[in-house]
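Subject: Structure for your review

Hello,

Please find the structure below, with the sequence. My notes on it follow.

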Amino acid sequence: MTLIQKPIWKTFKPSPEKVEGIKKLTGLSDLCSTIIANRNLTTLKEIKSFLYPDLKTITPPWEIKDLEKAAQRILKAVLNNENILIYGDYDADGITSTVILYKFLKPYVKNLFYFIPHREADGYGFKVKHIDSFKSRNISLIVTVDCGSSDKEAVDYARKLNIDTIITDHHKIPDIPQNAHAVVNPWRKDCKSGLTHLAGAGVAFYLLIQLRKTMRENNFFKQTKEPSLVQFLWLCALGTIADVVPLVKENRIFVKSGLDYIKSSGDKSIELIFKAWNLDKNFISSQDIAFYAAPRINSAGRLSHAKICVELFLSDNPNEIVQICNKLTKLNEERKSRENEIVQDIEKKVTPIDLKNKILIFSSPKWNPGVLGTAAAKVARKFNRPCILVNQSDSLMKGSARSIQNISIYDIISSNKKYLTGFGGHSQAAGLALDPANFDDFSKSIINYSNTNISLESLIPLHEAEDVVLFDQLSKSFSDEMNLLEPFGQENPYPVFIAKNIIIESRMTIKAIHSRLELLQPECIDQNRMTGFIFNCFENPPSRLNQVLIKAVSDRYAKNKFNLFIEAWE
């Protein structure tokens, strides 16, 4: 009987010698040195490159297979006044990738087009059904961004119509489409660049680096000013953060540089966008992008059409920018509402029998397919097991799956692929489609497989922290050190700590579902009181707590002060 297990509390516990060594090398505090040790950084070179990301240290573009070939073909199209189309995707990574390439090429290409598929009507990827309309516009070159690696049929049909296709993508690729003019994807078996961590926006930015170099070598900029690529890094940062790829190596460099550009740029359009979303561009962080900006951008593809986001990023009209930003905010609120309806529906459906299984799978004709992924993520977190949610239909049923740490939902679905018409994804997230007649068999098979192959230990909730802290340690100097650790994200998570022996002195309810707490840690001397917040608080903690799991987050209105976001307690 699995049901829901009691959480395990633990810290990473790097060796004291390792922490002391980092402290001596850097002059940083014990707490910051502990976080760095937990990132498996030990040498001064590793630590410096982590704390001070530098664009000059990125892997050279010529190490990416077909990148130069792609740049040469695009330059040829520019010089010959060919009609070029950029084929994107409906998520934030695909949108920003499209805008990056479009903005770079637009000054040099008279007939430049872009196409963003509709999530429901078109689905993901480069599709045959659109190519005739591209041909009617005399398109002779298609450049895909954030998609295309598996779309051999579309590439073949384009070739038949004398349209060249350049694929730029970052998804795993079994075999490259042979009729593509170039396939720029670090996952190619014959690509030795080591850049498989890139998002689609990162691949698009690398294309810009190579394209500008190729144009320079061909004396293209003798009659026109050579563009700075720094102006595109904020879009690269946005796409990279939103796609939840590891924030290591080039990704960390691109994101840090992009965030710096947002803060320092005088671009009024950028300022308007973040102001419309109640974000101060001068203090923008990766967390702001991940939790405020990216969900708004992704909501367009989930509930409307993602092309409005391309229009947003290409616009220099203040009224249009504010109008689109407000529309995205409304769509995001609708997304959250629909998502919560699904989660509440499942909470009513789930039974003790369901919780004896090591995976949850539910379906309903009422659920919007565009929000199934985010709803599945909430359900997976709540019940601490993988979750698959499927939209019932008389024709093709579509679903989304999310997982928890150390369990690959991709492997689970792949082992039951005989019931599916299609699927894709990675260890923590996947999408699938199947015939309605196969759903019951698929459901039974996936539950049996999971119950056999998922260990009971992997379903035990884990409250894992960088270290045990005292409020005294969460000082202004540590706030400055936290800025050095930015940007946070996949493989550099926002630091979580355990604080012990906490007294709640007072509490206040905010907007009916959140709590603001005034906390006391008696053994502290310099700072024994701090403000804490619990979001979506449906259970009030007792006044005395043995330990709490916290994030120390800089106050938006007093940047040298921390507030504590409480994630768990006992």
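The largest nonpolar core has 84 residues, and Trp234 and Phe313 have the most contacts inside it. Helix α8 gives this core its largest share, 10 residues. A second, separate core holds 39 residues, among them Ile346, Val350, Tyr419 and Ile446. Please keep in mind that this is a predicted model.

Phe313 touches Trp234, the other residue named above, as well as Ile95, Thr96, Val99, Lys103, Leu235, Leu238, Ile273 and Ile297, leaving aside neighbours within four places in sequence.

Helix α8 runs over residues 200–217. Of its 18 residues, 15 are buried, so the helix is mostly covered. After α8 comes Asn219, with a positive phi near 60°.

The second largest pocket has a space of about 170 Å³. By type, the lining divides into 6 nonpolar, 1 polar and 2 charged residues.

Gln287 is a residue of helix α12, which covers residues 286–303. Is Gln287 buried or exposed? Its relative accessibility is 18%, and because the limit for buried is under 20%, Gln287 counts as buried. Leaving aside neighbours within four places in sequence, Gln287 is in contact with Tyr292, Phe488 and Tyr494. Gln287 and Phe488 are 201 residues apart along the chain, but their C-alpha atoms are separated by 7.1 Å.

Most residues other than glycine have a negative phi, and most peptide bonds are trans. The exceptions below can be checked in the model.

- Glu486 and Pro487 are joined by a cis peptide bond, with omega about 0°. Pro487 sits in the loop between α19 (476–485) and β14 (497–510).
- Lys13 is not a glycine, yet its phi is positive, near 55°. Lys13 belongs to the loop between β1 (8–11) and α1 (16–26), and counts as exposed because its relative accessibility is 68%.
- Asn278, also not a glycine, has a positive phi of about 60°. Asn278 lies in the loop between α11 (268–276) and α12, and is exposed, with a relative accessible area of 68%.

Regards

Notes:
Residues numbered from 1 in each chain as written. Predicted model: local features only at pLDDT ≥ 70, side-chain atom pairs only at ≥ 80, totals over all residues. Heavy atoms only, no water. 1 Å grid on protein atoms, 1.4 Å probe; cavity = no way out; pocket = protein on both sides within 12 Å on 5 of 7 lines; lining within 4 Å. Points joined across faces, edges and corners; volume = space filled by probe spheres on them. Nonpolar A, V, L, I, M, F, W, Y, C, P; charged D, E, K, R; others polar. Helix = DSSP H or I, 4+ residues; strand = E, 2+ residues; numbered from the N terminus. Expected span 1.5 Å × (residues − 1). Buried < 20%, exposed > 50% of the residue type's maximum accessible area, 1.4 Å probe, protein only. Contact = heavy atoms within 4.5 Å. Core = buried A, V, L, I, M, F, W, Y, C linked by side-chain atoms within 4.5 Å.
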